[in-house]
Amino acid sequence: MKDRKNMWEIKQAAQQSGVLEIYIYGDVESDGYDWWTEELAKYADIAEIKLYINSYGGSVFEGTAIYNQLKRHPAKKTVYIDGFACSIASVIAMAGDEIIMPRNALMMIHNMWMFSYGNAAELRKAADDLDIINNAGKQAYLQKAGEKVDEVLLSRMMDDETWLTAEDCIRYGLADRFAEEDVDPAKVAGVMQKANLNVQQRIEMQKSLVAQLRQLTEPCIGEGERDPKEKPEQKEEANSIMAMLNGFFDAEK
């Protein structure tokens, strides 16, 4: 059987003593090795961890453990969203002391879900357990956001499975600043190809992203809505996201 490549990669940053680089590209899933308690412990004296994320999400249990391990580590954590940080991958990102996003990067937040089977009592317990797990993820967002978002708004966004642009994330406190360069669309397309999405998931994702683009590009029709005529950078942001999506769609053909 062919060995499966780990979802993560770790390396000492070249020419930067005391800096550890970690890459989470692809699905967040268990690899049969408790890296986050064993391997990370080898770098207890590291000064800074640079975490690069490009992931559609995956295992809630694995992702929650990764988040907690990173939060406990004494190093400064800088997170770079290299394309997508969706579902549990967005929770992992919240471990960052600083989160940096290119203008055409995207984050998606939603309520946790899982597969379950059994009798009525077991299914009721599974639902109760899922509520607890979901609240843990919600607290990670709230801790990072501070006063920029309240629990009522956050809950609504999670209920709606909300896609957030980099601008949205900064506004809600889920990111700290823009990166200097945009995402390479080819890099994003490659990750999405490996995310094992079924047809319906791809359709729903594309619908959500199109709606997000429409929000960025349409003139305002009511008080409080954003007007790209007043903010020309929004048109540039929308064009960057469209370029990224075109790269993904081309890979799908």
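Mentor: Let us begin at a bridge: Ile-109 has Thr-162 of strand E7 as its bridge partner. That pair belongs to a set of four bridges between strand E6 and strand E7 (residues 162-165), and these two strands run antiparallel. Please keep in mind throughout that this is a predicted model.

Now turn to the other pairing of E6. Strand E4 (residues 76-86) pairs with E6 in the parallel sense, over three bridges. One place to look is Ala-85, whose bridge partner in E6 is Met-107. E6 therefore has a parallel pairing with E4 and an antiparallel one with E7, given that two strands count as paired once at least two bridges are found between them.

What about the side chains of E6? In a regular strand, side chains alternate between the two faces of the sheet. Strand E6 (residues 106-109) has Leu-106 and Met-108 on one side, with Met-107 and Ile-109 on the other. All four of these residues are buried, and both faces of the strand are covered. Two of them have already come up: Met-107 as the bridge partner of Ala-85, and Ile-109 as the bridge partner of Thr-162.

Follow E4 next, and you will find Thr-78 in that strand. Thr-78 has a relative accessible area of 2%, so it counts as buried, the cut-off being under 20%. Setting aside neighbours within four places in sequence, Thr-78 is in contact with Glu-48, Ile-49, Lys-50 and Leu-51, and also with Glu-98 and Ile-100.

Strand E5 (residues 98-101) deserves a word here, as it has the highest mean pLDDT among the elements of the chain, at 97. At the other end is helix H8 (residues 199-217), with the lowest mean, 55. Over residues 194-199 the pLDDT is below 50, and this stretch has nine contacts in the model beyond near neighbours in sequence. Residues 220-229 also have a pLDDT below 50, with 18 such contacts.

Finally, step back to the whole chain. Its average pLDDT is 77, and 63% of the residues score at least 70. The secondary structure comes to nine helices and eight strands. Of the 253 residues, 49% are buried. Among contacts with a separation of 6 or more, 69% link residues 24 or more positions apart. The chain exposes about 13,500 Å², and carbon and sulfur atoms supply 49% of that area.

Methods. Residues numbered from 1 in each chain as written. Predicted model: local features only at pLDDT ≥ 70, side-chain atom pairs only at ≥ 80, totals over all residues. Heavy atoms only, no water. pLDDT = per-residue confidence, 0-100. Contact = heavy atoms within 4.5 Å. Buried < 20%, exposed > 50% of the residue type's maximum accessible area, 1.4 Å probe, protein only. Areas by Shrake-Rupley, 256 points an atom, 1.4 Å probe, with all protein chains shown as cover.
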